[in-house]
Amino acid sequence: MKLKLVRQQNELDCGLGAAATIGQCSYDKAANLDPNPYGANGLTNAELTTLLFRITGQNWISERVKPGKMVQAKKPGEDP
């Protein structure tokens, strides 16, 4: 699938742009589904996974990793 880039509109909303790009929806739709629309520090990992669920209807997994380590995305139930 070819993704259409949805750009962020200010310095704190890169999560909205990324979620809209992944979910292939408009920036406005992602902003309307934002679980914390008045947050002052951008989206937390939990808020980003909630937003992705609201856009796509699929569950998303967020896990913390040590700085500098790469993590491959995986679907729920998939072996690490």
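Me: A residue is buried under 20% relative accessible area, exposed over 50%, and partly exposed in between (1.4 Å probe, protein chains only). Is leucine 12 buried, partly exposed or exposed?

Reply: Leucine 12 counts as partly exposed, because its relative accessibility is 42%. Before we go on, this is a predicted model: local features need pLDDT of at least 70, side-chain atom pairs count only at pLDDT 80 or more, and totals for chains, interfaces and linings use all residues. Residues are numbered from 1 along each chain as its sequence is written, and side-chain values use heavy atoms, with hydrogens and water left out.

Me: How many helices and strands does the chain have?

Reply: Helices (H or I, at least four residues) and strands (E, at least two) are DSSP runs, numbered from the N terminus. Here the chain has three helices and zero strands, in the order α-α-α from the N terminus on. Of its 80 residues, 21% are buried.

Me: Where does leucine 12 lie?

Reply: Look for leucine 12 in the segment before helix 1. Aspartate 13 is in the segment before helix 1 as well, but aspartate 13 counts as buried because its relative accessible area is 5%.

Me: Which loop holds asparagine 41?

Reply: Asparagine 41 sits in the loop between helix 2 (27-33) and helix 3 (45-56). With a relative accessible area of 70%, asparagine 41 is exposed.

Me: What can the spacing of C-alpha atoms tell me about leucine 12 and glycine 42?

Reply: Leucine 12 and glycine 42 are 30 residues apart in sequence, yet their C-alpha atoms are 4.9 Å apart. Asparagine 41 and leucine 12 are 29 residues apart along the chain, with 6.4 Å between their C-alpha atoms. For aspartate 13 and alanine 31, 18 residues apart, the C-alpha separation is 9.1 Å.

Me: Which residues line the second largest pocket?

Reply: On a 1 Å grid over the protein atoms alone, a pocket is an open set of points with protein on both sides within 12 Å along at least five of seven lines, and lining residues have an atom within 4 Å of a point. The lining of the second largest pocket includes Leu12, Asp13, Ala31 and Gly42. Its residues divide into five nonpolar, five polar and two charged; Ala, Val, Leu, Ile, Met, Phe, Trp, Tyr, Cys and Pro count as nonpolar, Asp, Glu, Lys and Arg as charged, and the others, Gly among them, as polar.

Me: What is the value of phi for glutamine 24?

Reply: Phi of glutamine 24 is near 50°, a positive value in a residue other than glycine. You can find glutamine 24 in the loop between helix 1 (14-23) and helix 2. Glutamine 24 counts as partly exposed because its relative accessibility is 35%.

Terms used. On a 1 Å grid over the protein atoms alone, a cavity is a set of points where a 1.4 Å probe fits but cannot get out, and a pocket is an open set with protein on both sides within 12 Å along at least five of seven lines; lining residues have an atom within 4 Å of a point.
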